[in-house]
Amino acid sequence: MDPLFKALSLFRRRRYEACANVCSEYLEKNPYDQAFWTLKMRCLSQQVYVDDLEADEEGIAELLMDENTIAQVARPGTSLKTAAVIAAKTPGTSLSIRPVMQTGRPITGMLRPGTHGRPGTMEHALKTPRTAKTARPMTSSSGRFVRLGTASMLSQRDGPFINVARLNIRKYATICGVSKPLFEYILFVENDVRHALDLAAESTQFHQFKDWWWKLSLGKCYYKIGMLRDAENQIRSALKHNECTVDAFLWLGKVYIRMDQPLAALEVYRNGLDKFPGETFLMTYAARIHEALAEMDESIKLYKDVLRHDAINVEAIACIAMNHFYNDQPEIALRYYRRILQMGTCNAELYNNIGLCCYYSQQFDMTITCFERALMYSDSDETTADIWYNLAHIVLGAGDRQLAILCNRLALVSNNEHPEAYNNLGVIEMSKQNLTTSNIQQTKSFFQAAGANGKHLYEPHYNLALIGEKSGHYDFCYQNIKKALELYPTHYSANELFNRIKKLYESV
Amino acid sequence: MTNELKNKESYNWLYHLHYIRGEFETCEKQIQKHNAKSEYASYLIGLIKLRQSDVKGAITEFTSIKSNETTYVKAIARCLMLLGRHSNVCELIRESGLKLSPNDWQLWHILGTAYMHLGQISLAKDAFQHSLQATNQIEPFLLLSQCHLIESDTKSAIFVIRRATELSPNDATLNTKLGLLLFANGMSAKGVDKLMQLSHLSANSPGNLSLALAVGSVLQEIKMDIDGALYRYKMANNFESPCLWNNVAICFASRKKFVAAVSCLKRALYLNTLDWKINYNLGLLNLQLRQFASAFHYLKTAATLSNGLPNVFSLLAICLENLEDDTNARQAHITATKSPHGAFPLPLLNYAIYLHTTDMDRDLAIELLMEYEQCWLKRRANIDFDENMIKTATKLAQALNLSSHMAWTKEPPTHHAIANSINDGHADSENKGNTIKEENQADC
């Protein structure tokens, strides 16, 4: 059989390793065969190909040494980075009803890259990656991408397939069939953004700036090395070509999100939807931004649109379910979650959510079973802690304080930084009858632990302030109430307390 | 050159000007520039530090002042109070403050507050009385009434607050407090009047939660003006208070909109899981909607959280009756009638009805009905006895052939005409749901 035909057939059947072997064999005989060379490059890049649109985590260095910031203090509703003060427009987004993530944004229905913490200060940022749980890469060029590069090297017996540093990029840029696979190879396998950028720049010049693919690739490279304005220019010029695909809109949106201009990103997605009506990716991305800006109604509308076009989109279902749950419709949320379950997803978080929905829609018999399932499926300590924490809530709902304390303690066993569990332990301790001094000291230390671990929670500070006022430690109370109000400026009782204490300071 | 030769204290007017304009930084800068060490400069720096909430810094500034004047002693005492060192406050004021000026109301006031936190209520009361001899400010009044309340001497508390309202008749919080005290302590008519008067004064001012709750619950319970109450609650413009949601739910329930009521109560419960009243109301509504398992769950929670109030147990028993768990229902009835909280009329009646319907023990039922009568005789003026309950009791008495002996039948004979089945009324009870205090803890 013709080896090229065989290799192509293997490639088409997605048996990349076998295909690469065939190619290597033939290349040993004839190192200058471009067909085999290209095919092997494509094999190797296919093996490690990731959807780089989604799998992308912002590193600390990019975050804190950000030169693209336009304003230190952005106007409300125009930034994703400034302290997220959510105006409680509707009960559904109020802080006392819908909890927030570490970023201070309303909790979302699905975990994605970037929903995890966005550290506020350098100090906090440097402290965070030390803990085992929030492994955030120091910069995005290290971490996961380097790992991808080294993993691909291992599968090769005799050194790297192409020595990129010695490649004559200008020559290969002119060979149309080779340049694109070569670009992907350099970007995905070698993860060498600088050379990929060189190649893309040469190629786009060679094509006299008429090929949108190269412009988009150039934009991606610029994005990866953090030159966001150049990336924006390239992708914008790619978008001028009529045959440009959805990808370009998504990338441009991503660039704007990195520049912290959510409204510009929304505009891009809207334009994209004009050109590609019904494109679910564009809608999903826009919905995510609305959600992060606490505009739940718009977000849910978009997610519902997504479901109209793509009825099995897990993210949309999960987010809609979450919204229903926090808007006092646990029954409807339950139906959405059940739909996800029917689609074959089966994990601890899902069972946990179903358990909560069952509990709040008064189907008590199902609740415990669901949580048992969730504990069974749970594979990370964080999730286990959350499940125990929820169980503590349910037990408290049945009036059993002792068991609630135990559940909260179990949550702390799994994750000894669980701030909500600390807070609730404090609240339960406070609600005991015949409080003694040691009870109060215990409560205080619980709340202090909660406040130290959960920078995004206002409750521990408020509770501490209450204790301070009751025991006459007004200074302590004042410091805490100020912190609570920073996190949640419209909390009614906190404001009342603040005004009472402030009077004492000003009456001197 | 001439400037520097001048007396340093001649700049005091400048510092004062900066300070009262709120230009704290400029003020500090000026003081540093002139290197002023005068009393007034230190005092101002202390005040500025206090405004920037640095109490310890302020206290060192104030203590660095050598001269012994009431103003400075007062400032130090206040700082100590802010830091929570109450015994030091008492010492300082008694040793030096009161010797300097024995009639300063502020000193007495601070002393009283410190005693209050130390738990020496009688001394605190004394201090506030002293303070009130020298002033007409309302703060001592408020704290004095609080002292009375701690000693559960409500009459004196009401008296004190009333005197305060005479002095400042337009203070909304003061008036709300008076109204609530009157309302809660047997003078409900006066309290209602007071609150209604207040509500007219502040009819359209949004955002006062405690007033809205007070006026709203008066409207819905006593004046039966559900629309007015709902309007009040809406004006409070606050959707984070569990009490508010609870009261809104009761409004809906009294209009027979049970679904809305249940969802309001659920939100209230979400906001405060540890309140037994919300659980109780939710149990009651579920009982009405014949969702007995749910009702059982909520009532059980209410029973544990309220430490076994008889009314809760009584409802729990009815719930168990409907779930056909006879032994436990009986047990719950017995617990409800024999609770350490004293005799409540509703559990007695419910138990009697239970005994009658199950044909178990006629003598015991009669005995219970007698006990119920005793309750009625003792507390007939109370709102505990509404018409429905009397009706039901009458029907039961008729069924037991005792109707002519009951005490209430001898008074205005209005309820005799009704002769339906006995069972229909026995599940209802008053909606105990109007808490006026704010909740203590934020659950998350």
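Is B:Pro345 buried or exposed, and how many other C-beta atoms lie within 10 Å? B:Pro345 is buried, and 23 other C-beta atoms lie within 10 Å. The legends below describe this residue and other parts of a predicted model.

**Figure 1. B:Pro345 in helix α22 of chain B.** Because 23 other C-beta atoms lie within 10 Å, B:Pro345 counts as buried.

**Figure 2. B:His356 and its contacts.** B:His356 is a residue of helix α22 of chain B, which covers residues 345-357. B:His356 is buried because 22 other C-beta atoms lie within 10 Å, and the threshold for burial is 20 or more. Leaving aside residues up to four places away in sequence, B:His356 touches B:Ala365, B:Leu396, B:Ala399 and B:Leu400. B:Cys27 lies 329 residues from B:His356 along the chain, and 83 Å separates their C-alpha atoms.

**Figure 3. The largest nonpolar core and B:Ala249.** The largest nonpolar core holds 264 residues. The members that touch the most other members are B:Leu44, B:Ile76, B:Ala249, B:Leu265, B:Leu299, B:Leu316 and B:Ala352. Domain 1 (2-163) and domain 2 (239-425) of chain B each supply at least three residues to this core. In soluble globular proteins, nonpolar side chains tend to be buried together. The contacts of B:Ala249, not counting residues up to four places away in sequence, are B:Ala261, B:Cys264, B:Leu265, B:Ala268 and B:Asn281.

**Figure 4. The contact between chain A and chain B.** Chain A and chain B each bring 36 residues to the contact. On the side of chain B that touches chain A, two or more residues come from each of α4 (39-51), α6 (70-82), α17 (258-271) and α19 (292-305) of chain B. The element that gives the most to this side is α19(B), with 6 residues. By type, the residues on the side of chain B that touches chain A are 14 nonpolar, 14 polar and 8 charged. For the model as a whole, ipTM is 0.79 and pTM is 0.81.

**Figure 5. Helix α8 of chain A.** Helix α8 of chain A runs over residues 176-190 and has 15 residues. Its end C-alpha atoms are 21 Å apart, which agrees with the 21 Å that the helix should span at 1.5 Å a residue. Buried residues of α8(A) include A:Ser179, A:Lys180, A:Leu182, A:Phe183 and A:Tyr185. The run from A:Ile186 through A:Leu187, A:Phe188 and A:Val189 to A:Glu190 is buried as well. After α8(A) comes A:Asn191, with a positive phi near 55 degrees.

Figure 6. Helix α10 (residues 212-224) of chain A has 13 residues, and the distance from its first C-alpha to its last is 18 Å, close to the 18 Å expected at 1.5 Å a residue. Since 13 of the 13 residues of α10(A) are buried, the helix is largely enclosed by the rest of the structure. A:Gly226, which follows α10(A), has a positive phi near 85 degrees. Helix α11 (residues 228-239) of chain A has 12 residues and reaches 16 Å between its first and last C-alpha, close to the expected 16 Å. In α11(A), the buried residues are A:Leu228, A:Ala231, A:Glu232, A:Gln234, A:Ile235, A:Ala238 and A:Leu239. Their cover includes α10 and α12 (246-258) of chain A.

**Figure 7. Confidence along chain B.** Chain B has a mean pLDDT of 76, and 83% of its residues reach 70 or more. Among the elements of chain B, the lowest mean pLDDT, 52, belongs to helix α1 (residues 2-5), and the highest, 90, to helix α18 (residues 276-288). Over residues 411-444 of chain B, pLDDT stays under 50, and the model has 67 contacts beyond four places in sequence for this stretch. Where pLDDT is low, the predicted coordinates should not be read in detail.

How values were computed:
Residues numbered from 1 in each chain as written. Chains lettered and ligands numbered in written order. Predicted model: local features only at pLDDT ≥ 70, side-chain atom pairs only at ≥ 80, totals over all residues. Contact = placed C-beta atoms within 7 Å. Helix = DSSP H or I, 4+ residues; strand = E, 2+ residues; numbered from the N terminus. Nonpolar A, V, L, I, M, F, W, Y, C, P; charged D, E, K, R; others polar. Buried ≥ 20, exposed ≤ 12 C-beta atoms within 10 Å, placed from the backbone. Core = buried A, V, L, I, M, F, W, Y, C linked by C-beta atoms within 7 Å. Domains from an automatic or database assignment. Expected span 1.5 Å × (residues − 1). pLDDT = per-residue confidence, 0-100.
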